[in-house]
Amino acid sequence: MAIVTGRVDSDTGGARSGGIPGPSGPGGDAPPGPAATGRVRQPVALIRLLAGVAGITLTLLLADYARATTSGIASDVAQAAELVPRTLAGLAGGLTTAALLLVPAYSAARRLTSAAADRRRTLQHLSDGLLAAVLAYGVSLALDLWVDEAASPTLVAALTQRLPGGGLAHTEPVYGYLAPVLAFLTASGARERRLPRLTLAASALAGLAAGYATPTALLLGLLIGWTAAHGTSYAVGTPDPRPKPAQLLRSLREAGLRPVAARPAGPDRYLVTQEPGRPDLDVQLLDRQAVTAALVQRAWRRMRLRTAPHPRALRSLRTGLEHEALVSYAAVAAGVRTRRIAATAELGRDTALVAYEYLPGRTLDQLADEELTDALLTDAWSQLALLHRREISHRALVPSALLVDDAGAVHLVDLADGDIAASDLVLRCDTAQLLATFALRTGAERAVRTAVAVLGSDTVGAALPLLQPIALAGSTRRELRRAAAAARAAAAERAQPATAPAPPPAELLDAIRAEVLRTQPQAPVRAVKVERLRPRTLLAVGGGVMAGWLLLPQLFATEQNPIAAVADADPLWLVLALLAAAASHVTSAMGFVGFVPERLDFRPALYAQVAGSFVKLVSPGGVGGVALNTRFLQRAGIPTAQALSSVGVGQLFGLVLHLLQLGAFVYLMGMEPGGSELEALPAVVGGLVGAGVLLALVSAVPPARRWLAARLRPLTSEVLPRLVELLRSPGRLAVGVAGQLLVSLCLVACLYCCARAVGREPAFAAVAVVFLIGNAVGNAAPTPGGAGAVDSALVTLLEHSASMEEGGALAAVALYRLLTLVLPVLPGWAAFAWLQRRGAL
């Protein structure tokens with residue numbers, strides 16, 4: 001869990017911990033403290049609400065799809081319940097239901113009569129609980145009505161069972177009053193835990209024993225109650241859980257301090273004045289709710305990066321306090337200048353405090369550029385050297401973590417994310433982070449020179465492999481991008497010629513590397529792999545799971561089994577489909593070579609298109625092919641700008657020809673006997689309208705409009721001049737256009753032959769429209785090869801536009817994807833390896 005609630009951003013690494021905003025000192029006017037509205041929306045409530053909705057959805061899906069499992073569990077429970085006498089089970093059910101309804105009343109009465117209770121806040125909590133109970137009860141009734149009226153028979157059988165008395169009546173899909181009672185107790189913040197849990201468990205067991213509930217109905221009741229409680233908490237807000245100044249002073253006195261007055265000094269921070277002769281205190285409140293809101297982001301960063309800190313929200317409140325105190329004491333013992341902890345204390349279940357001795361000063365981002373002298377930078381590096389000498393890491397060396405006191409001495413603060421006995425990788429990451437932090441303010445030369453003067457060239461050189469954007473704090477990455485954008489804007493104002501933009505964060509980092517290599521030429525420069533998991537890997541896995549979830553139940557359907565249809569495919573049409581798939585690679589090579597003014601050998605270009613079949617398995621949509629073709633042109637001696645332009649021209653022509661072919665085949669569908677272009681119009685018009693709406697929205701939002709303009713700038717500055725150059729060679733341009741047209745026709749012919757091979761006779765124009773729309777979906781999908789998206793789109797469109805039944809559409813698409821996605825993988829790998837051996841990639 002986080003120690004400082006102002007630091008819930010896992011990337012920023014710290015809040016302003018040293019310099020108090022405004023006049024620094026007990027006598028200055030402080031900014032307003034926590035909001036005086038009395039209610040706050042906790043982001044953690046939204047996270048729990050979304051988790052609850054996902055849990056309810058997953059429970060319903062599993063109940064519908066995992067029929068054997070849910071039926072087996074319900075049957076086992078029913079057999080065990082038969083061992084309980086009916087009379088005893090019914091009596092237990094009635095008593096536990098009555099007890100369950102009395103628990104909220106008992107909890108409310110106890111809290112209202114408590115002498116230490118804040119009556120106003122208690123009434124707010126109870127009103128929230130009542131609202132959540134009403135919402136949970138309404139959702140339960142709505143779900144009961146939906147299951148009775150509209151749900152599938154398999155879902156009804158999974159959620160209900162026949163009542164013990166016989167007849168056609170069945171139990172409720174959501175059992176009893178579990179949902180509203182749990183919603184009331186959760187939303188009202190009831191402190192009693194044991195009695196409500198025992199009552200809920202007893203009511204659930206009694207319902208199972210009496211045969212009035214199924215295990216799935218019990219689970220749904222609990223999930224609905226929990227979700228409704230957190231939905232209510234987020235919608236109306238919760239009473240501000242932060243303590244008042246009087247409570248804060250009382251806790252500090254109990255910790256042995258002598259506080260006199262406290263005033264807000266920022267979000268969740270107070271400046272406390274003590275009795276004369278005692279130092280003032282900088283008190284920071286620790287709110288578990290605020291920190292848990294960043295749990296998802298921090299957990300993802302921890303899972304993704306080897307250098308990320310542990311998610312603090314997974315620690316208990318006491319463990320978090322102990323960790324920060326331990327790191328702080330270790331830093332002081334190492335001789336590092338930092339704030340000293342005066343006291344720690346827990347203020348209830350979800351709040352605690354850490355009291356530091358007040359340290360007047362300003363953070364690095366509050367200093368003017370002329371105040372950042374070499375002596376100050378050297379002092380900061382000296383403090384880091386002391387910290388690393390004891391193998392203590394900081395992990396958050398952003399400007400707000402460097403406090404400069406009135407004497408000009410640097411103090412390292414915000415040690416909550418630090419580690420004791422840190423690994424060498426994490427220590428080097430600290431050095432890289434501080435290099436980037438200083439270089440943003442003073443330039444690469446001064447940052448590296450002062451670091452080498454203190455740490456030595458070997459230590460600074462060892463940090464180079466960690467000098468990569470992903471290993472730096474999020475605030476540092478944003479500053480790097482901002483600095484790069486400012487530099488490019490200044491260059492544009494001086495009318496310097498435009499160059500191909502590099503990734504913005506890399507510009508300053510490259511300057512740092514150059515300075516380090518100037519002092520240590522033998523320093524390692526190859527980046528260390530700090531990523532454990534990449535987002536595209538998750539996308540690939542998610543796309544594969546989704547494709548399997550959608551397609552496997554249909555592949556093993558009992559009627560019109562597509563696997564049997566593929567096994568019985570017509571050999572002649574199957575051979576034609578295979579030839580069409582193979583010809584698509586030749587025509588793709590024609591479309592590629594035709595848009596490159598320079599002379600290319602056709603055979604390596606053909607192998608490059610075959611290799612694209614292998615590359616698409618590890619890259620989304622058409623991204624892999626674009627990257628492969630660009631690399632091929634670079635290795636052929638074509639400059640990067642011209643290579644990108646040639647590929648861009650091909651993509652531009654491909655888009656235009658794709659739309660023209662789509663319009664032509666939609667028209668031809670209406671010319672065929674019994675055909676109507678209106679069958680395909682909804683998908684076509686819907687896609688065009690969606691693209692138009694998206695373009696309008698982007699144009700209406702200034703940041704999005706600037707982003708689009710930046711992406712289209714290469715089109716006007718590079719692609720269009722390349723197109724003009726191509727127009728001087730009409731023969732080559734004709735080859736490129738013919739290749740772009742033929743590659744689509746070959747793939748359409750392949751899909752058509754696959755449909756004929758499984759015994760279906762769709763219209764060629766209808767198959768062409770289906771392919772052109774499905775191919776566009778595949779290029780937009782973020783999954784490798786368009787897995788899942790292409791298959792679902794083709795099957796659905798074949799059913800609606802080509803009048804094919806589900807089994808035939810599945811068989812045709814399965815055969816088509818086998819010929820165009822699976823079988824070319826091995827030849828693609830061989831072509832890729834051949835091109836690599838000859839230096840063509």
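**Close-up 1. Helices α6 and α7 in the predicted model.** The axes of helix α6 (residues 178–187) and α7 come within 11 Å and cross at roughly 170 degrees, which makes α6 roughly antiparallel to α7. On the α6 side the contact is made by L178, V181, L182 and L185, and on the α7 side by P196, L200 and S203. Sorted by class, this contact of α6 with α7 comprises six nonpolar residues and one polar residue, with no charged residues. The model shown here and in the views that follow is a predicted one.

**Close-up 2. Helices α3 and α7.** Helix α3 (residues 86–112) packs against helix α7 (residues 194–210) at an angle of about 150 degrees, and their axes are 8 Å apart. Because angles over 145 degrees count as roughly antiparallel, α3 is described as roughly antiparallel to α7, and the crossing of the two helices is left-handed. From α3, the residues R86, A89, A92, G93, T96, A99, L100, V103 and Y106 meet L195, P196, T199, L200, A202, S203, A206, A209 and A210 of α7. By class, the contact of α3 with α7 has 13 nonpolar, four polar and one charged residues.

**Close-up 3. L101 in helix α3.** L101, which is found in helix α3, has a relative accessibility of 44% and therefore counts as partly exposed. The C-alpha atom of L101 is separated by 9.6 Å from that of T199, although the two residues are 98 residues apart along the chain.

**Close-up 4. A473 in a loop between two helices.** A473 is placed in the loop between α16 (457–462) and α17 (474–493). With a relative accessible area of 10%, A473 is buried, since buried means under 20% relative accessible area. The C-alpha atoms of A473 and L397 are separated by 8.4 Å, while along the chain these residues lie 76 residues apart.

**Close-up 5. Aromatic pairs, with F595 and F653 as one example.** The structure holds nine aromatic pairs. F595 and F653 form a tilted aromatic pair, at 5.0 Å centre to centre and with 35 degrees between the planes. This pair links distant parts of the chain, as F595 belongs to the loop between α21 (571–593) and α22 (602–615), whereas F653 belongs to helix α24 (residues 640–671), 58 residues apart. F595 is buried, with a relative accessible area of 1%, whereas F653, at 21% relative accessibility, counts as partly exposed.

**Close-up 6. A cluster of aromatic rings.** W573, F665, Y752 and F764 are linked into a cluster by ring pairs.

Conventions. Residues numbered from 1 in each chain as written. Predicted model: local features only at pLDDT ≥ 70, side-chain atom pairs only at ≥ 80, totals over all residues. Heavy atoms only, no water. Helix = DSSP H or I, 4+ residues; strand = E, 2+ residues; numbered from the N terminus. Buried < 20%, exposed > 50% of the residue type's maximum accessible area, 1.4 Å probe, protein only. Axes fitted to C-alpha atoms, helices over the stretch in contact; angles between N-to-C directions. Parallel < 35°, antiparallel > 145°, perpendicular 65-115°, else oblique. Left-handed = near helix turned anticlockwise from the far one by under 90°. Contact = heavy atoms within 4.5 Å. Nonpolar A, V, L, I, M, F, W, Y, C, P; charged D, E, K, R; others polar. Phe/Tyr/Trp six-rings, centres within 6.5 Å; stacked < 30°, edge-to-face > 60°.
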